[in-house]
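Biologist: I'd like to learn how to read a fold from the coordinates. Could you put a model up and walk me through a few features?

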Amino acid sequence: MEREFRENRARLKLLDSKKRHIHVALGKAENELATLLEYDQEETDEETEGVQEVGTQAQEERLPGLVAQLNEVGRKRADAERRGRGATADLSRVSAMLERLREEVETAEAGLVANFLAETEREQNLALAKLVQSTICPACGQKHADLADRARKFLRDHRCVLCGSEEPHEANPELDKQRGKLEECLREQQAFEEVVRLARAESEGLRDQELDLQTRVNEIRYSRSVVAMVERNLPEMTAENLKKLKQQLADEEADAEAQMGVIRAKLAGDYEDFRNKMDARMDRLRAAYAGYATAFLGLPCELDEVGQNGLLELKLFVPRFDNAVRPQAEACSEAQRFFLDIAFRMALIDVACGEQGTGTFICETPETALDFSYVSNVVAMFGSFAKKRHNILLSANIQNSGIAEKLIARIAKKDRTKHIVNLLELGRLSAVQQAARKEFKKIIRRMMTARVAKN
Amino acid sequence: MHTGVNVMNRMGDVMFALGEAAQAKVRPTKIQLQKFVYLTDVLGQVVGSLKPREGHKTYRNGPYDPAIQNAVDALAFRGLARVAGAWRTPSGHLATSYTLAEPGREFLQKLRSHSAFARKAQMAGLVGSALCDLGWDRIVRLVYAEPTFVATRPTGWGSRLAAEDGLTVSAAFMVAVMRRVAGTLSTEHPASPEWITDRFFAYLNDYARHYGSTGEATG
């Protein structure tokens with residue numbers, strides 16, 4: 001996409017430059033023939049001019065053929081695109097019909113399965129049939145008249161004999177017919193898909209060919225100076241010739257303008273699309289950051305942008321909370337710096353993962369920077385990140401009522417061991433830690449057995 | 001369409017899968033059952049049938065359709081399928097294997113003998129026969145090589161597996177290419193379901209051998 005955008009920009013630049021040259025020459029041809037004679041005289045290299053002229057002449061002879069090819073390829077591309085559009089419309093129509101038939105067939109087949117199932121249960125005297133026929137409960141094996149009455153009522157209403165949920169029941173006599181229609185539709189769908197695939201592949205190939213031919217045509221058309229061409233023909237110029245030349249230049253200018261219009265429109269569209277996608281991505285980043293940062297601070301916090309006064313015009317993201325933009329690190333406390341940075345990283349992971357992707361965040365938790373009142377907020381922040389199915393690997397020190405304890409409390413008791421790597425068991429402990437081993441164990445036991453906290 | 005329709009149809013699919021497994025003397029696990037039904041779903045178009053509208057999605061152990069497990073559980077409760085074994089996997093999850101109970105064979109016979117299920121029975125037979133050749137124990141790796149899943153897996157869990165969409169990278173696209181190739185090889189004998197299934201599995205097998213890595217449980 002980016003390569004295509006750059007190539008189109010290069011083409012536009014070339015066309016623009018040539019168009020301006022043509023325009024200048026045209027003006028001069030119209031107004032002052034004599035000035036053409038003086039133009040560029042000094043820069044002409046007599047020795048190379050002859051060679052270039054032969055090459056240019058040969059190329060010019062190829063030009064009509066190339067233009068004819070270009071027109072032919074353009075026509076074929078438009079034709080392939082038209083075929084593709086037609087087949088896509090047919091495909092949509094058939095797909096809609098197929099969906100409807102699919103639903104009907106699925107329902108009818110489910111009805112048949114249910115009938116065979118009930119029939120087998122009756123024939124084999126299985127538990128649910130025994131409930132209906134002999135009033136025997138399928139769970140405890142004892143007679144239970146009320147349960148059986150209820151089951152019979154459900155059965156009459158075509159519902160599950162135990163829970164009363166609606167069940168498919170009717171065998172559809174039209175099923176074979178519907179199946180036949182569905183197969184026909186499926187074949188049609190596959191045929192249209194084939195046409196769409198081929199038309200798309202063909203039009204893409206032709207578009208590449210068209211661009212290549214257009215580039216070659218432009219190279220020949222604009223390979224020599226417009227003015228030099230006029231100079232060379234001047235000695236034999238008649239009023240008629242001059243008119244022809246003027247018309248040719250005007251045609252070339254109009255052609256360049258038309259090509260530029262097409263490329264400009266495509267570039268503008270691509271750029272608009274790019275801007276829209278960037279804006280949407282920035283909105284997602286802002287929303288994700290606001291969610292995490294607000295959870296941590298406990299008051300609304302958003303991303304703001306400030307200039308950096310550097311060589312590049314890049315803006316910096318900074319937090320804004322308490323009605324104040326915080327452009328410098330010193331405008332936030334140490335804990336705010338740590339955790340707002342973490343919030344920003346998690347927001348970036350959210351945006352990078354899109355709607356359904358999941359990412360992993362590995363974080364050294366700087367919990368010593370926090371006072372007690374913020375611990376729950378940090379836990380809420382990490383919790384909302386984990387809720388989006390991201391993985392999060394946190395290192396935490398063992399503390400009374402620390403982040404680790406509150407985070408672990410959000411996990412079901414039976415699953416807690418699966419979420420923890422206890423480095424006190426795996427690592428080499430210092431003498432101080434060795435001495436506090438009992439205390440550690442006590443806190444860890446409390447963490448592992450604490451009641452599940454609400455998320 | 002209510003979920004009862006999905007689960008009921010999946011009961012039929014599970015019976016066909018258990019029938020094929022019984023022929024191969026295999027007692028499939030819940031994951032293998034999911035994979036078997038997935039393969040019959042994605043190849044169903046070869047015999048002119050379509051996978052359910054609410055079908056498999058990407059999940060922890062590959063393509064997953066909760067209606068299938070609900071169907072297996074219901075069949076086991078109602079006495080048509082039997083839990084053949086249960087054990088803890090190394091990751092601590094409960095793995096279960098299943099087999100047909102005697103009444104289940106009767107039920108399967110009824111399904112097989114009805115014309116409405118002829119295509120499903122044929123497709124299950126083709127997949128079962130391919131797995132007999134390649135080995136049921138390779139079923140997870142084969143599914144992880146299936147084009148629709150390969151293309152959709154990077155989008156994360158919960159993504160719908162549109163195997164029937166012939167305009168994207170999918171099983172349908174692959175089958176269309178096979179049909180075209182078969183047409184160029186012989187205009188008189190268009191690709192038969194057997195030929196396509198055979199080539200499709202050969203492709204899955206090659207892909208699984210060269211690039212396959214599931215990183216997932218098989219229990």
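**Reading the fold, chain by chain**

Modeller: Let's start with chain B: residues 24 or more positions apart account for 69% of its contacts with a separation of 6 or more. Keep in mind that this is a predicted model.

Biologist: Which elements does chain B have, and in what order do they run from the N terminus?

Modeller: Chain B has nine helices and four strands. Starting at the N terminus, the order is α-α-β-β-α-β-β-α-α-α-α-α-α. As for burial, 49% of the 219 residues of chain B count as buried.

Biologist: Okay, now helices. How do I read a packed pair?

Modeller: Two packed helices are described by the angle between their axes and the distance between those axes. Take helix α2 (residues 30-43) of chain B and helix α3 (residues 66-77) of chain B: they pack at an angle of about 120 degrees, and their axes are 10 Å apart. That angle is why α2(B) counts as oblique to α3(B).

Biologist: Is the crossing of α2(B) and α3(B) left-handed or right-handed? And which residues make the contact?

Modeller: The crossing of α2(B) and α3(B) is right-handed. On the α2(B) side the contact is made by B:Lys30, B:Leu33, B:Gln34 and B:Val37, and α3(B) brings B:Ile68, B:Gln69 and B:Val72.

Biologist: Now sheets. What should I look for?

Modeller: Strands of a sheet pair through backbone hydrogen bonds, either parallel or antiparallel. In chain A, three strands form an open sheet with antiparallel pairing, in the order β1-β2-β3. β1 (301-307) and β3 (324-325) of chain A each have a single partner strand, so they stand at the edges and one side of each has no neighbour in the sheet.

Biologist: How many bridges join β2 to β3 in chain A?

Modeller: Two bridges link strand β2 (residues 315-321) of chain A to β3(A), and the two run antiparallel. A:Phe321 stands opposite A:Ala324 in β3(A).

Biologist: And where could I see a parallel pair?

Modeller: Look at strand β4 (residues 360-364) and strand β5 (residues 391-395) of chain A, which run parallel and are joined by five bridges. A:Ile362 has A:Leu393 in β5(A) as its bridge partner. To get from β4(A) to β5(A), the chain crosses through helix α10 (residues 372-387) of chain A, and this β-α-β crossover is right-handed.

Biologist: How many residues of β4(A) are buried?

Modeller: Zero of its five residues, so to speak: β4(A) is hardly covered.

Key:
Residues are numbered from 1 along each chain as its sequence is written. Chains are lettered from A and ligands numbered from 1 in the order in which they are written. This is a predicted model: local features need pLDDT of at least 70, side-chain atom pairs count only at pLDDT 80 or more; totals for chains, interfaces and linings use all residues. A residue is buried if 20 or more other C-beta atoms lie within 10 Å of its own, exposed if 12 or fewer, and partly exposed in between; C-beta atoms are placed from the backbone. Two strands pair if DSSP finds at least two bridges between them. A crossover is right-handed if, with the strands pointing away from the viewer, the path from the first strand over the helix to the second runs clockwise. Two residues are in contact if their C-beta atoms, placed from the backbone, lie within 7 Å. Axes are lines fitted to C-alpha atoms, for helices over the stretch in contact, and angles run from 0 to 180 degrees between N-to-C directions. Angles under 35 degrees count as roughly parallel, over 145 as roughly antiparallel, 65 to 115 as roughly perpendicular and the rest as oblique. A crossing is left-handed if the near helix is turned anticlockwise from the far one by less than a right angle, and right-handed if clockwise.
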